[in-house]
Amino acid sequence: MGGSFGKCYDPSGSQFGIPTYPWRYAPKGLATRRQLRARGLRPGGQQIAAQVLRPRYRRGPLTAYLYRVDRAKPVRPMTPARWAALAKANLARRTCPKCRTDAGYVIPTSLGMCVPCAYPDDEQRAA
């Protein structure tokens, strides 16, 4: 491995404190949180086993932490109470604080209200 990939290769963990691999070169048996979730698993409280680094120009490298697949636990199922809480939270994100109506979409935080309330003078004109 040459160049920037060589800087990200530290399987012993002497340079970064934990085993480190270049992007896409992680050994079998390790997975990121997203990869675990795609398999229906979660880290389950285990410590980070390793990391992968992807070099970037002008900024620090992208880092993804890896967990052992054999120690991962199944994802907890959603209960009716958790579904209800999630629905309530999503409704709150869609409700305009000014007109108190369900906008049908998540209210942009940059506006703080639905688009018709943020721009009341702008009319939709048909072409």
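Me: Buried means under 20% relative accessible area, exposed over 50%, and partly exposed in between (1.4 Å probe, protein chains only). Which class does Arg94 get?

Reply: This is a predicted model, where local features need pLDDT of at least 70 and side-chain atom pairs pLDDT 80 or more, while totals for chains, interfaces and linings use all residues. Residues are numbered from 1 along each chain as its sequence is written, and side-chain values use heavy atoms, with hydrogens and water left out. Arg94 comes out at 25% relative accessibility, so its class is partly exposed.

Me: Which residue meets Arg94 in a salt bridge?

Reply: A salt bridge here is a side-chain nitrogen of Lys or Arg within 4 Å of a carboxyl oxygen of Asp or Glu. The whole structure has two of them. Arg94 makes one, at 3.2 Å from N to O, and the residue it meets is Asp102.

Me: Which strands stand at the edges of the sheet?

Reply: Strands are DSSP runs of E, at least two residues long, and helices are runs of H or I, at least four, all numbered from the N terminus; two strands pair if DSSP finds at least two bridges between them. The open, mixed sheet of four strands is ordered S1-S4-S5-S2. Each edge strand has a single partner, so one side of it lacks a neighbour in the sheet: these are S1 (20-22) and S2 (30-31).

Me: What is the bridge partner of Leu30, and which residue forms a salt bridge with that partner?

Reply: S2 runs antiparallel to S5 (residues 62-68), joined by two bridges. In S5, Leu30 is bridged to Arg68, which is partly exposed at 30%. At 2.7 Å between the closest N and O atoms, Arg68 also has a salt bridge to Asp70.

Me: Is Gln46 buried or exposed, and at what relative accessible area?

Reply: Gln46 sits in the loop between S3 (41-42) and S4. Its side chain reaches the backbone oxygen of Pro43 at 3.2 Å. Leaving out residues up to four places away in sequence, Gln46 touches (heavy atoms within 4.5 Å) Tyr67, Arg68, Arg71 and Ala72. Gln46 is buried, and the value is 14%.

Key. Polar contact = N/O pair within 3.5 Å; in protein donor to acceptor, adjacent residues only side chain to side chain.
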